[in-house]
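Have the structure open as you read.

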Amino acid sequence: MVYVIAHLTAHPGKGDEVVSLAAPLIEAARCEAGCITYDFYRKPADPDALVFVETWQSKAAVDAHFEEPHLKAFQAAMADLLVEARIELVTPEKVEVL
């Protein structure tokens, strides 16, 4: 099993836009082969701080996810909305920061 934790920090006041744009990504990702869970959270004390928490069957499934058109479209749409994006890949062997 492989976990992906993506921390997104939107520009002040842009969290709602990120949430809106994430809906199609979440729906599509949950249908991908190898996706076990794909959840999206907003920090209660900071509405511009968002976190994806994903569980995948394998690293190959994660790699395929990173090539999906719906993920690439979301990333392109986020370019002007985010201050920071940090992705952590947690595997049974080690933790990698991408």
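## Aromatic rings

Tyr38 and Trp56 are both buried, meaning under 20% relative accessible area, with exposed over 50% and partly exposed in between (1.4 Å probe, protein chains only). Keep in mind that this is a predicted model, where local features need pLDDT of at least 70, side-chain atom pairs count only at pLDDT 80 or more, and totals for chains, interfaces and linings use all residues. Residues are numbered from 1 along each chain as its sequence is written, and side-chain values use heavy atoms, leaving out hydrogens and water.

Rings of Phe, Tyr and Trp (its six-membered ring) pair up if their centres lie within 6.5 Å; planes under 30 degrees apart are stacked, over 60 edge-to-face, and the rest tilted. That rule gives four aromatic pairs, including these two:

| Pair | Centres | Planes | Type |
|---|---|---|---|
| Tyr38 and Trp56 | 6.2 Å | 85° | edge-to-face |
| Phe52 and Phe74 | 5.8 Å | 85° | edge-to-face |

Tyr38 belongs to strand E2 (residues 35–43) and Trp56 to strand E3 (residues 46–56), so their pair ties together parts 18 residues apart in sequence. Phe52 in strand E3 and Phe74 in helix H3 (residues 69–78) link distant parts of the chain too, 22 residues apart. Helices (H or I, at least four residues) and strands (E, at least two) are DSSP runs, numbered from the N terminus.

Is Phe52 buried or exposed? With 3% relative accessibility, Phe52 counts as buried, and Phe74, at 8%, counts as buried as well. Finally, Tyr38, Phe40, Phe52, Trp56 and Phe74 make up one aromatic cluster.
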